[in-house]
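Please examine the sequence and structure shown here.

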Amino acid sequence: MAVKIMIDAGHGGWDNGAQFEGRKEKDDTLSLALAVGRILAENGIDVEYTRTDDIYETPLKKATDANESGADYFVSIHRNSGTIPEQYTGVQTLVYNDSGVAHRMAENINSELASLGFVNIGIEERPNLVVLRRTTMPAVLVEAGFINSNKDNAIFDSQFDAVATAIADGIMQTIG
């Protein structure tokens, strides 16, 4: 039986997410989510998406769609942002509860992204996030660098394919 992963591109439609110098989180997350999904599919993993174009879905609908799809894992892709540009840099993965499979997946993804030059700022429990709280499978929310960090954007842009591969590799290391 094939493993199924629901990939969520954060934000979308009217919800731009974080913005910096004309750059919108919703655009970065969609391109990265689709790239990660392609790599997973090429490796025999059944992939579904919460969105494949610029539409808005509520976090609850995303979680419900994942639950109803029978997905084994849920991976939400985001970009982080600080209140002051250039204040922070790095990758972080959020989990409902910092234990078990979600913790291992978060660790693997962060480690793979750190190998590209991102600072690994760790794993954080965020039980209040709907896409982590309401999904019934192991779920992670990947913050793929700070959108208001020129250093992180340089890595994201110049190594885009490697960033997608790093996230996919972190997922695949976890699921065996």
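Strand 8 (residues 139-146) is mostly covered, with eight of its eight residues buried, that is, under 20% relative accessible area for a 1.4 Å probe, protein chains only. Strands (E, at least two residues) and helices (H or I, at least four) are DSSP runs numbered from the N terminus. The model is predicted: local features need pLDDT of at least 70, side-chain atom pairs count only at pLDDT 80 or more, and totals for chains, interfaces and linings use all residues. Residues are numbered from 1 along each chain as its sequence is written, and side-chain values use heavy atoms, leaving out hydrogens and water.

**Pairing of strand 8**
- Strand 5 and strand 8 run parallel and are joined by six bridges; two strands pair if DSSP finds at least two bridges between them.
- Glu143 in strand 8 is the bridge partner of His78.
- Strand 6 (residues 91-95) pairs with strand 8 in the antiparallel sense over four bridges.
- Val140 in strand 8 stands opposite Val95.

**Asn80**
- Asn80 belongs to strand 5 (residues 73-80).
- Asn80 counts as buried because its relative accessibility is 13%.
- Beyond its neighbours within four places in sequence, Asn80 is in contact (heavy atoms within 4.5 Å) with Gln92, Glu143, Gly145, Phe146, Ile147 and Asn148.

**Helices 3 and 6**
- Residues of helix 3 that meet helix 6 include Val101, Met105 and Ile109, and among their counterparts in helix 6 are Val163, Ile167 and Ile171.

Note on methods
Buried < 20%, exposed > 50% of the residue type's maximum accessible area, 1.4 Å probe, protein only.
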